[in-house]
Amino acid sequence: MPDLVHIRVDGRDLVVPADVSLAAALLNARIDAFRSSATGDSRGPVCGMGICFECRVRIDGVSHRRACTEPVRDGMEVFTLG
Amino acid sequence: MAESETVDIAVIGAGPAGVAAACHGAEKGSRVVVFDEGPTPGGQIWRHRPTRVPPAARIWLDRLRDSGARVRAESSVFDVVRHGDGWAVSAENAPTTIAHRIIIATGARELLLPFPGWTLPNVFSAGGLQALVKSGFDVAGKTVVVAGSGALLLPVAATLTRAGARVALVAEQASWRAVARFSSSLIRSPGKLADAARYRLAFAGTRYATGTWITEALGDGRVTSVECNDGRRIECDLVAVAFGLVPNTELAELLGCETGPAGVIVDHMQRTSVSGVLAAGEPCGIAGVDVALAEGSIAGLAAAATGDFEIERALSRTRETGRRIARAMTEAFGVRDEIRRLARADTVVCRCEDVCMSRFDSTWSAREAKLATRAGMGACQGRVCGPALAVLFGYSAQSVRSPLKPASLEALSSLEDE
């Protein structure tokens, strides 16, 4: 079993495997709306490889981070739909 | 300039081509640094969780570790400029790197084309969903529709099935005749046929329908079903759809390398038209992992060498065979006109700026579209809508400018004054 880490997403505590991407961790927690588009639509990950920028979230106070290229880290604080 | 590091060879991208290039360069005694956006080397095809290295990747990744090449992970290259007779590479999370030679191994991305509902959450690109599964997305018990076009749909369906998903349908837009013609062209490459058979067996219970495509994705807040051109409606949790691959040529274009319809133009030593810049793998035209490894190996050797040298027969044979198959594939899986007409007036085409199809009624070029509608001006810098506009309207791509990827002000402020 891989190690577990604690992350906080929109104020909710999640315990997730240490070796998954943040996008995978959010999808596993049934969060599929990551950002709000220019006209207010919900968008989630698409390309899974850092190209499309649809999975942007706020991580530890920094906006527009791509959840798909970001590994989870213990204590990470994430906000979606920023 | 802030802190800097000087090397012989900077490899941009740590997929199979970049890894092979870095190994061969470093093993010849060159100082090599290889940059990648991802947390670990391997690129898309060898993407893995750190605890689960795929066997095919292990050999090369172990070799890379032992080669002495330095890996800069989570390090997105956003600019490369002339520096004396070499190059200065600027990347996130790395000092400015002065390199004598550059090897472009930036891989490929998928061709995404707009259709009603394609922006709904849980509609992924085909390789995108596969990448997410490889990085830990648990799809066990989910119902998935795989659609679009090209050889990638098979391994994607296989990965999903192995991960416990129920693949309800694999919809290939190309005709049965085109797919059959391509398959029979593989007779001369038994390895490729075996790959296809192995993938097909992995989702043996699923229908692989040719001449079939999704006409609309439906759902409220997330996708819950798709409609196909044969009138069928399929309930699903996830959709994986892409229409083939597009080479990532942005860096090569920024450096002024000559490109053709397939990608960056290189000679038999993988050298581009710009002195000191080499390219290997998908940027030179979509051809898959075997070609990427062969071309990466040649590029690494060529970058480390002082002049021409004899290329191993096996390497050049792999390259020629692979490139021949790739040409047959491009022909077989061409996008049909019906796909170009799927987007409706209110269908989003540029996902970053939410520009709908109707806004393009009065545009005639990518540049005009950008100025008039903001299409291509968002975070992805036209990487998604650019190739789509090329397929939909024949607009050729915009010129490339630095920064190649959005970069932090901190990283940008360390840029050398030009």
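Where chain A and chain B meet in this predicted model, the contact draws on 34 residues from chain A and 33 residues from chain B. On the chain B side, the elements that contribute two or more residues are β7 (108-110) and α3 (126-134). Of these, α3(B) gives the most to the side that touches chain A, with four residues. Sorted by class, the residues on that side of chain B are 13 nonpolar, ten polar and ten charged.

The helix α3(B) also belongs to another part of chain B, where it packs on a sheet and touches β8, β9 and β15 of chain B. That sheet is open and has five strands in the order β8-β15-β9-β10-β11, with parallel pairing. Its edge strands, each pairing on one side only, are β8 (123-124) and β11 (207-210) of chain B. Further in, β9 (residues 143-148) of chain B runs parallel to β15 (residues 238-242) of chain B, and five bridges join them. Another helix, α4 (residues 153-162) of chain B, lies across β9, β10 (166-172) and β15 of chain B. The helix α4(B) runs at about 175° to β10(B).

Next come two helices of chain B that pack against each other. Two packed helices are described by the angle between their axes and the distance between the axes. For α1 (residues 16-27) and α8 (residues 289-304) of chain B, the angle is about 30° and the axes are 7 Å apart. The helices α1(B) and α8(B) are therefore roughly parallel to each other, and α1(B) passes α8(B) in a right-handed crossing. Residues of α1(B) in this contact include A17(B), A20(B) and H24(B), while those of α8(B) include A292(B), G296(B) and A303(B). By class, the residues of the contact between α1(B) and α8(B) are 14 nonpolar, six polar and one charged.

Terms used
Residues are numbered from 1 along each chain as its sequence is written. Chains are lettered from A and ligands numbered from 1 in the order in which they are written. This is a predicted model: local features need pLDDT of at least 70, side-chain atom pairs count only at pLDDT 80 or more; totals for chains, interfaces and linings use all residues. Two residues are in contact if their C-beta atoms, placed from the backbone, lie within 7 Å. Ala, Val, Leu, Ile, Met, Phe, Trp, Tyr, Cys and Pro count as nonpolar, Asp, Glu, Lys and Arg as charged, and the others, Gly among them, as polar. Axes are lines fitted to C-alpha atoms, for helices over the stretch in contact, and angles run from 0 to 180 degrees between N-to-C directions. Angles under 35 degrees count as roughly parallel, over 145 as roughly antiparallel, 65 to 115 as roughly perpendicular and the rest as oblique. A crossing is left-handed if the near helix is turned anticlockwise from the far one by less than a right angle, and right-handed if clockwise. Two strands pair if DSSP finds at least two bridges between them.
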